[in-house]
Amino acid sequence: MRIRRKRVKEIDEEIATHIAMATADRIARGESPQRAHQGAVNEFGNPLLVRETTWRMWGGEWWEHVVQDLRYAWRQMQRSSSFTLTVIVTLAVGIGAAMAMFTVVERVLLNSLPYENGGHLVAVEESGRKGDFPNVRWLDIQQWRFKARSFEEIGFYTRASGRPFLEGDSGAQQVTQQFVSSNLFQALGVRPALGQGFSNSEGQTFANGSNDNSVVLSDSVWRESFGARQDILGSVVRISGQPYTVVGVMPRSFAFPFPATKPQVWTAVALKESDSTRTSQSPTYQVIARLKREVKLSTAQAEMNAIQTDVAKQYTDRYLRDLVDSVKVQSYDDSLIQPEVRRALLSLFTASGLLWFIACVNVAGLLLTRGTVRQREVALRGALGASRMRIIQQLLLEGLMLSVGGSLLGLIFAVGLLKLFSHGLAMQLNVEGAMPGGKALIALLVLTMGSAIASALWPAVTSARVSIEPVLRQSAGQSSVSRSQYQTRSFLVILQIALSLVLLVSCGLLLRTIYALRHVPLGFRTDHIVVGSMAIPSYRFAGQNINKKLYEPLLEHARGLPGVESATLMTEVPLGRTYQMAFSFAAEGNSADAVKRRDFRAQFRAVGPDAQKVFGFKMLKGRFFNDGDIAGSQPVVVVNRAFVKQFSESDDPNKIMGQNLLSLDKGKPSIVIGVLDDTRQVSPADQSAPEIEVFLPQLVPGNFLYRASEGMAMDLAIRSSRDSSSLIPELRSLIAKTTPELADTNFTTMTQVVEDAYGSQQIMSRLLTVFGVSALLLCLSGIYGLLAQLVSQRTREIGVRVALGASRDQIFRLILSQAGRMMVVGTVAGLTLAWFTSHLVSGFLYGIATHDVMTMATVAVVLATGGLAAAWIPAKRAAAINPVEALRAE
Amino acid sequence: MAKKDQYKNRIELVQGTLDMLILQTLQWGPQHGYGIVQALHTQSGEVLKVETGSLYPALHRLERQGWVRSEWKRTESNQRARYYQITAAGKKQLVSDHDRWQQVVKAIAAVMQVQTSGGE
């Protein structure tokens with residue numbers, strides 16, 4: 001700007017000099033000073049034009065205009081601050097929603113893996129009669145490795161069971177431990193930042209003995225547990241009591257599997273005898289492979305299918321062979337996202353995009369109105385020589401400034417929305433702490449430009465097209481709305497109504513779904529229960545009975561707290577999703593009966609005393625565990641109704657009572673002593689699965705169930721009349737006293753556990769409610785705005801009508817009918833559209849049909865009511881017009 | 001886009017000719033805008049009268065291209081004026097402009113020759 005001013009000043013001076021010199025020459029030739037000056041000026045021509053063209057030689061006039069226009073726009077914005085605010089808030093709603101969803105989608109779907117060329121990584125699974133199995137036996141992997149030509153490297157890994165604790169320099173921390181093949185990091189294309197990692201000696205790239213006691217630490221473990229000590233290599237660290245030698249530290253960004261939920265460590269797979277078998281007892285691994293650069297996924301898939309035909313033949317057990325007769329190769333990236341989450345995210349993203357579009361349409365309507373108000377101004381500029389392009393540019397820049405404002409506010413909205421829903425996003429969509437980052441800011445830029453164009457282009461072109469003369473001839477403040485413009489604006493309102501309906505219908509369907517889910521009988525009480533999910537540091541209790549050492553004293557102390565009615569333990573509370581155990585029969589053979597037994601899967605739970613008191617489980621038959629069931633007494637189990645149904649193919653609990661289903665110890669068969677009524681176990685939407693329960697006090701060290709049931713994870717459940725917020729801190733300090741590792745125990749309430757178990761429907765219904773209500777409000781403000789403008793511009797006409805004898809009622813109805821017409825058209829269009837778009841959410845519905853007429857009708861009624869309410873005020877105002885004043889106010 | 005139509009040189013000098021003439025005038029020493037107009041007028045036998053609306057944009061264009069540079073100085077009559085001076089790059093440009101112009105003149109002359117002789 002300063003450069004421009006200086007240059008213009010110089011040019012002006014140059015021009016003045018020129019004229020002065022010419023004048024001097026003319027005087028010298030004998031002209032009178034006055035005539036000389038006049039002559040010189042005339043000869044010179046138009047100084048302004050000279051200045052303008054000369055200055056233009058320096059370029060940048062375009063920028064100059066932009067700056068001019070921006071200043072002008074800024075003044076306009078300040079002058080009509082309420083209009084500016086309305087537009088900015090409207091845009092911010094749309095942009096905020098779209099931004100928030102983009103951030104989430106980007107986090108989940110567009111995230112690039114922290115590996116070299118992550119796109120070449122594939123997950124290889126076996127599949128067969130019962131679907132895909134990610135868990136593959138070592139012998140099969142070995143075959144793939146020898147025969148497949150599509151891969152550069154095939155690595156495998158499996159998660160260490162339970163809850164491993166790593167003892168650091170200052171206390172133990174819970175980690176995720178993966179057993180990995182020694183070539184896994186090579187397959188991922190990432191080298192340790194420190195140390196060599198696992199050795200790949202003797203050309204044997206599979207797991208081997210030389211790495212058995214080596215560990216590679218993640219950067220976060222290295223920092224948190226060892227203070228980023230440089231001399232960590234070669235030192236011995238203990239994981240769950242086992243000593244390992246540190247051979248490497250991975251780079252900071254590295255995580256495997258991705259993303260990390262807990263600090264990670266990797267130890268080498270130690271192959272055992274059982275690894276060279278193909279039985280149901282053989283250990284299994286997940287397989288990740290790197291495609292050769294030029295090999296396509298489909299090629300690898302075809303090759304693997306051919307190989308697998310041979311591999312499957314080597315299974316002697318036909319039952320197992322049928323489970324692995326083909327192979328599925330899929331991009332590793334894709335394998336990380338559950339299809340349901342992907343669909344939920346895309347639906348929400350679409351919804352937010354729709355809301356954004358509605359906001360833009362709304363603002364376009366506002367800008368069109370404003371265009372009518374500013375007709376004179378634009379016409380005047382046109383009359384003074386502004387080109388049509390220049391006017392469009394200027395109006396577009398105004399739109400851009402407004403959308404920049406909208407974006408800034410929208411960013412705040414987006415952050416707020418993400419904060420508000422962070423718990424739901426984390427629980428239901430696995431999106432932890434998403435905040436707008438680099439890519440999101442680029443998206444914001446695109447949104448800003450997009451909003452400006454979508455909302456301001458049309459109004460700008462319309463305004464610029466206005467013919468100058470008739471507008472200038474009109475008296476001030478009496479700009480009229482042409483019929484076509486009114487039609488344009490009502491079209492915009494109808495568009496908003498239709499699109500809002502689409503959002504509202506999906507929102508309605510999900511709300512009905514959530515309502516239905518909330519009314520599913522869960523089969524247990526959820527009130528007044530506090531739940532603590534403990535990761536058990538079982539290495540501390542090696543050689544001792546953890547029941548006596550930890551659980552019994554813990555329960556006793558918990559019961560001693562004021563207000564606590566009962567307390568119990570179980571491997572996992574219903575709907576807990578913390579530590580799921582499965583039960584299957586150890587059956588052999590391929591007879592129809594054996595296959596049925598082998599296919600049988602049940603949920604397994606070890607429960608403590610008083611579980612029934614805490615949760616109020618109902619018994620259909622027999623009894624629950626009681627104090628008489630102790631370590632030495634007859635082992636007993638309890639099953640649920642679904643178990644009976646599937647096991648004995650009848651509803652009669654008597655068929656299973658007293659049966660022997662599993663043995664805690666050799667020669668000590670347990671018997672069924674009771675049948676529980678069904679409960680929801682994983683999700684309120686899922687029917688009950690068969691379940692079998694054992695009693696914690698009956699499990700002692702030596703039982704094969706002991707380690708898995710008692711030494712890994714345990715949920716503490718407390719029924720108390722007290723408020724959870726006061727009880728939880730007391731429980732936390734109590735539990736931390738037992739053993740320091742338990743200080744990290746995650747406490748929540750059973751109500752919250754249930755809430756979190758509603759799944760993606762929960763977060764979808766909430767976000768869609770936010771989007772839908774916003775859309776509804778925008779839409780109503782659109783109706784209101786249009787009618788208010790209509791009334792104020794037709795004041796005279798209405799005055800005349802009243803003067804000629806129209807009743808107030810007639811006027812009132814006239815205005816309402818305008819609104820009515822728009823709403824009818826919009827609703828019909830919207831419901832038609834919603835009929836098709838509701839398929840997008842059909843996968844998430846529970847207890848309701850995709851084309852639920854009730855929902856659609858309700859939504860239409862809500863919209864109609866709102867619309868009439870919005871039209872009411874302008875209609876009232878129109879009816880109140882005083883004809884005398886209206887006609888006088890010329 | 002707008003630039004082209006902004007100002008039409010009313011003497012309709014062949015594109016680039018004005019630049020050449022200005023550079024040629026500046027060969028004899030620094031000169032201000034008014035001086036250049038006068039010089040061209042005299043030297044052309046009072047035929048060429050350069051419009052200020054062409055001259056000043058041309059001068060500034062030449063300065064932007066680095067073919068002339070300018071400074072404010074006092075004239076003999078103690079008038080402050082902006083003097084333009086040809087640069088080394090400007091001299092090179094003048095030579096090439098001159099060559100090209102001569103070629104054009106020759107070419108046009110050749111065409112006109114053919115036409116006149118053909119007419120006889």
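This briefing covers the contact between chains A and B and the packing of one helix of chain A. The model is predicted. Chain A contributes 16 residues to the contact between the chains, and chain B contributes 19 residues. Within chain A, helix H12 (residues 339-373) packs with helix H18 (residues 483-518) at an angle of about 160 degrees.

- On the side of chain B that touches chain A, two or more residues each come from helix H1 (2-6), helix H3 (33-43), helix H4 (52-65) and strand S3 (80-86) of chain B.
- H4(B) gives the most to this side, with seven residues.
- By residue class, this side of chain B comprises eight polar, six charged and five nonpolar residues.

**Helix H12 of chain A**

- H12(A) has 35 residues and should span 51 Å at 1.5 Å a residue; this agrees with its end C-alpha atoms, which are 51 Å apart.
- H12(A) is largely enclosed by the rest of the structure, because 25 of its 35 residues are buried.

**Packing of H12(A) with H18(A)**

- The axes of H12(A) and H18(A) are 10 Å apart, and the angle between the helices is about 160 degrees.
- This angle makes H12(A) roughly antiparallel to H18(A), since angles over 145 degrees count as such.
- The crossing in which H12(A) passes H18(A) is left-handed.
- Residues of H12(A) in the contact include A:Leu354, A:Phe357, A:Ile358, A:Val361 and A:Leu368.
- From H18(A), the contact residues include A:Arg489, A:Leu492, A:Leu495, A:Leu499 and A:Val502.
- The residues of this helix contact divide into 14 nonpolar, eight polar and one charged.

How values were computed
Residues are numbered from 1 along each chain as its sequence is written. Chains are lettered from A and ligands numbered from 1 in the order in which they are written. This is a predicted model: local features need pLDDT of at least 70, side-chain atom pairs count only at pLDDT 80 or more; totals for chains, interfaces and linings use all residues. Two residues are in contact if their C-beta atoms, placed from the backbone, lie within 7 Å. Helices (H or I, at least four residues) and strands (E, at least two) are DSSP runs, numbered from the N terminus. Ala, Val, Leu, Ile, Met, Phe, Trp, Tyr, Cys and Pro count as nonpolar, Asp, Glu, Lys and Arg as charged, and the others, Gly among them, as polar. The expected span of a helix is 1.5 Å times one less than its number of residues. A residue is buried if 20 or more other C-beta atoms lie within 10 Å of its own, exposed if 12 or fewer, and partly exposed in between; C-beta atoms are placed from the backbone. Axes are lines fitted to C-alpha atoms, for helices over the stretch in contact, and angles run from 0 to 180 degrees between N-to-C directions. Angles under 35 degrees count as roughly parallel, over 145 as roughly antiparallel, 65 to 115 as roughly perpendicular and the rest as oblique. A crossing is left-handed if the near helix is turned anticlockwise from the far one by less than a right angle, and right-handed if clockwise.
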